[in-house]
Amino acid sequence: MVSRMAEVGISIDGRAPIADIPNQARAAEEGGASTLWIACHLYLRDPLTMAALALGATRRIKVALMAMSPYSLHPVFIAMAAASLEEMYPGRVILCLGVGAPADLKAAGIDSPRPIRTLTEAIAICRSLLAGEMTDFQGQVFRVSGRRLANGARNVPIVLAASRPNMLQLAGRATDGVLISAATSPPFVKACLAQAASGSAGRPFRKLGIVYTKLGATEKQGIDPIRRPIGFVLRGAHHAENIRLGGATLDQAALGAAYAAENWSEVDRLVNDDVVRRHTASGTPAEVRARLEEYRAFGLDEVVLGGMDDARSIATALKAATS
């Protein structure tokens, strides 16, 4: 089972009706989750609205804005949002930055050049503003001229969502933690954490990883519902190394074409049982616990359970993960 030294979080992605968010947040808190990670996906539900609803419906659980992209929102606005939530709910807000999903940015007509430079500057601007400083930043991508947030200094840790070597090293070097994305295989998590550590030069940072999780009375009942959610993630070209290290065989180009055509039978065929086993913790409660321990063994400080979109699934997954 997962060691009690490891915290357990819950990730939600904005697919569920907005009215369900308070119940999901309460289920996460009552089930012992340390953090509710709320994804920022273009065209899904607004993460700031979801975060406010989740915080208002609970008393202790932390809420992370994940992963806010400086390509779709200016770093000043990102810092404003995090600071405003933390002002109302002190000590309960985490800011997670990231590039954003390439396909979603493209669909919105948003270019994403120079990701390392862009995220480096976004981190610096957010840190300065959240520290309550009069920020004067003249970068290659962003410029902020002598302004500070009205909220004053706010206690908001900054985490970076990363999966590639340079971004992982930036997380270790410049932020309070690294978040390894969903649908990752245990060997890929291990490799990512090593890259982040190489950038940290011994500086402590939190190690976090999203693990898609689905429970069933049988392994098949756990595997079948998670095929399409993980396929949606794994279709991205940036997951090629994740798939290679995990050892599964998956035609990413064919998978991307199947999603574009909404050919769900082809998606289900391509994301076979072996792919699901290697990239999730799914199946019976015993199988889920054993798989989660594989991820935890690589030194994750928090295992974030993903792939659930209702309060009942959250409660069931947390019970399996923490019992």
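Q: How many cavities of 30 Å³ or more does the structure hold?
A: It holds 1. A cavity here is a set of points, on a 1 Å grid over the protein atoms alone, where a 1.4 Å probe fits but cannot get out. Keep in mind this is a predicted model, where local features need pLDDT of at least 70, side-chain atom pairs count only at pLDDT 80 or more, and totals for chains, interfaces and linings use all residues. Residues are numbered from 1 along each chain as its sequence is written, and side-chain values use heavy atoms, with hydrogens and water left out.

Q: OK, what volume does the largest cavity have?
A: About 40 Å³, where volume is the space filled by probe spheres set on the points, joined across faces, edges and corners.

Q: And which residues line it?
A: Lining residues have an atom within 4 Å of a point. Among them are Ile12, Asp13, Arg15, Met50 and Met308.

Q: Switching topic: are the residues of strand β8 buried or exposed?
A: Buried, meaning under 20% relative accessible area. Gly177 and Leu179 cover one side, Val178 and Ile180 the other. Strands are DSSP runs (E, at least two residues), and helices are too (H or I, at least four), numbered from the N terminus.

Q: Which way does β7 run relative to β8, parallel or antiparallel?
A: Parallel, with 4 bridges joining them; two strands pair if DSSP finds at least two bridges between them.

Q: And what's the partner of Ile180 in β9?
A: That's Gly209. β8 and β9 (residues 206-215) also pair in the parallel sense, over 4 bridges.

Methods:
1 Å grid on protein atoms, 1.4 Å probe; cavity = no way out; pocket = protein on both sides within 12 Å on 5 of 7 lines; lining within 4 Å. Buried < 20%, exposed > 50% of the residue type's maximum accessible area, 1.4 Å probe, protein only.
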